[in-house]
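Subject: Structure handover

Hello,

Here is the structure I promised to pass on. Please open it before you read further; my notes follow below.

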Amino acid sequence: GATVVVVCDWCVLRNQTGIDLEWAQAEEGAPAPDHAAVCVPLPTEGAPVPLRWNSRSSEAGSSPLVCVRPAGGSHSWCAPFLPDADAVLKLRPAEGAADSQTLHLQMTITVGERGVRVALLRPAARLPYSLRNDTSLLLAFRQHGSSAAAWEVLGAGESCAYTWDDPRGRRQSLQLHLQDDGGAWHFTAPAGYALSAVGGCPDQRLEPQRAEPSIIGSRLRPRQETVLLTAGCVLLGTPGIGGRRVRLG
């Protein structure tokens with residue numbers, strides 16, 4: 001009998017977000033596509049769009065990565081990713097954009113006909129973490145060791161939902177910074193807090209230092225004494241659905 005060889009795309013992207021997107025290739029180690037990268041339209045509810053690389057960085061021992069953003073540039077590129085596992089993609093508003101809301105897209109990987117990977121992009125129903133500031137200070141946090149991460153701020157008693165800026169990051173831990181009113185003193189944790197294990201994280205004593213320039217604005221009274229920072233992680237929900245609530249205080 002005859003041998004039939006079927007050639008098909010390794011992976012296709014399908015946009016089900018309700019927002020017209022575009023994707024571009026990024027190289028390993030780069031925080032975003034370079035200015036010469038070709039942006040490929042990814043219309044919402046359109047036909048699947050195949051991933052086809054402009055260059056073969058695999059020849060240098062690495063794989064090309066994918067970035068997505070809304071068409072028109074209202075948001076910055078998400079952190080580069082390889083569509084090989086489910087993840088939540090974070091897209092921050094572009095500098096000077098009218099839309100100030102961060103977008104979170106859920107990427108789900110399925111295997112289609114002939115083994116083709118299909119990356120489905122949908123709005124994320126929920127984020128995997130909930131952070132709460134139980135200190136009396138102003139708290140800033142970001143993903144430790146990620147060039148894509150920006151500082152986010154929580155006041156005393158405030159909470160927010162959270163996911164990583166770079167889901168591929170080797171260091172999936174939080175870098176924490178606390179500050180007093182007036183920005184006269186600041187406290188920065190020397191190491192990141194891992195959120196992968198349920199239970200308490202090691203306490204850290206934060207010695208006050210002069211803060212100039214300050215990372216975040218200030219709301220509270222000046223503080224000079226040593227601060228004992230404790231983080232605790234609690235699992236919420238059921239496996240595959242749940243999430244983690246992290247208390248910092």
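Which residue does the side chain of D9 meet in a salt bridge? The partner is R52, with 3.1 Å from N to O. Please keep in mind that this is a predicted model.

**The D9 and R52 pair**

D9 lies in the segment before β1 (11-15). R52 lies in the loop between β4 (49-50) and β5. R52 has a relative accessible area of 54%, so R52 is exposed.

**The overall picture**

Now a step back to the whole protein. It has 21 strands and 0 helices. There are 249 residues, and 40% of them are buried. The protein exposes about 13300 Å². Carbon and sulfur atoms supply 49% of that area. Take the contacts with a separation of 6 or more: residues 24 or more positions apart account for 55% of them.

**Strands and their pairing**

Start with the open sheet. It is formed by 3 strands in the order β3-β2-β5, and the pairing is antiparallel. β3 (40-42) and β5 (65-70) stand at the edges. Each has a single partner strand, so one side of each is left without a neighbour in the sheet. From one strand to the next, the twist averages 35°.

Within this sheet, β2 (residues 21-26) is joined to β3 by 3 bridges. Look for L21, which stands opposite L42 in β3.

β6 covers residues 87-91 and β7 covers residues 103-111. These two run antiparallel and are joined by 5 bridges. Here L91 stands opposite L103 in β7. β7 also pairs with β8 (residues 117-123), again in the antiparallel sense, over 7 bridges. T108 has L120 in β8 as its bridge partner.

As background, side chains in a regular strand alternate between the two faces of the sheet.

**Nonpolar cores**

Which residues have the most contacts inside the largest nonpolar core? They are V68 and L89, in a core of 20 residues. β1, β2, β5, β6, β7 and β8 each supply at least two residues of this core. The largest share, 4 residues, comes from β7.

V68 deserves a click. Leaving aside neighbours within four places in sequence, V68 is in contact with E22, W23, S76, W77, C78, F81, L89, L91 and L121. Another core lies apart from the largest one. This other core has 15 residues, including Y129, L154, F187 and A189.

**More salt bridges**

Side chains of opposite charge can pair when their charged atoms come close. The structure holds 7 salt bridges. D9 with R52 is one of them. Here are others to inspect.

- E152 forms a salt bridge with K90, and their closest N and O atoms are 3.2 Å apart. This pair links distant parts of the chain: E152 is in β11 (residues 152-154) and K90 is in β6, 62 residues apart. Both E152 and K90 are buried.
- D134 and R132 meet through their side chains, at 2.8 Å from N to O. D134 counts as partly exposed, at 31% relative accessibility. R132 is partly exposed too, with a relative accessible area of 34%.

There is also a network of salt bridges. It links K90, R92, E152 and D165.

Last stop: D166. Where is it placed? D166 is in the loop between β12 (159-162) and β13 (173-179). Is D166 buried or exposed? Buried means under 20% relative accessible area, and D166 is at 16%, so D166 counts as buried. Which residues is D166 in contact with, leaving aside its neighbours within four places in sequence? They are A79, P80, Q143, S146 and Q172.

Over to you.

Best wishes

Notes: Residues numbered from 1 in each chain as written. Predicted model: local features only at pLDDT ≥ 70, side-chain atom pairs only at ≥ 80, totals over all residues. Heavy atoms only, no water. Buried < 20%, exposed > 50% of the residue type's maximum accessible area, 1.4 Å probe, protein only. Contact = heavy atoms within 4.5 Å. Areas by Shrake-Rupley, 256 points an atom, 1.4 Å probe, with all protein chains shown as cover. Pairing = 2+ DSSP bridges. Axes fitted to C-alpha atoms, helices over the stretch in contact; angles between N-to-C directions. Salt bridge = Lys/Arg side-chain N within 4 Å of Asp/Glu carboxyl O. Core = buried A, V, L, I, M, F, W, Y, C linked by side-chain atoms within 4.5 Å.
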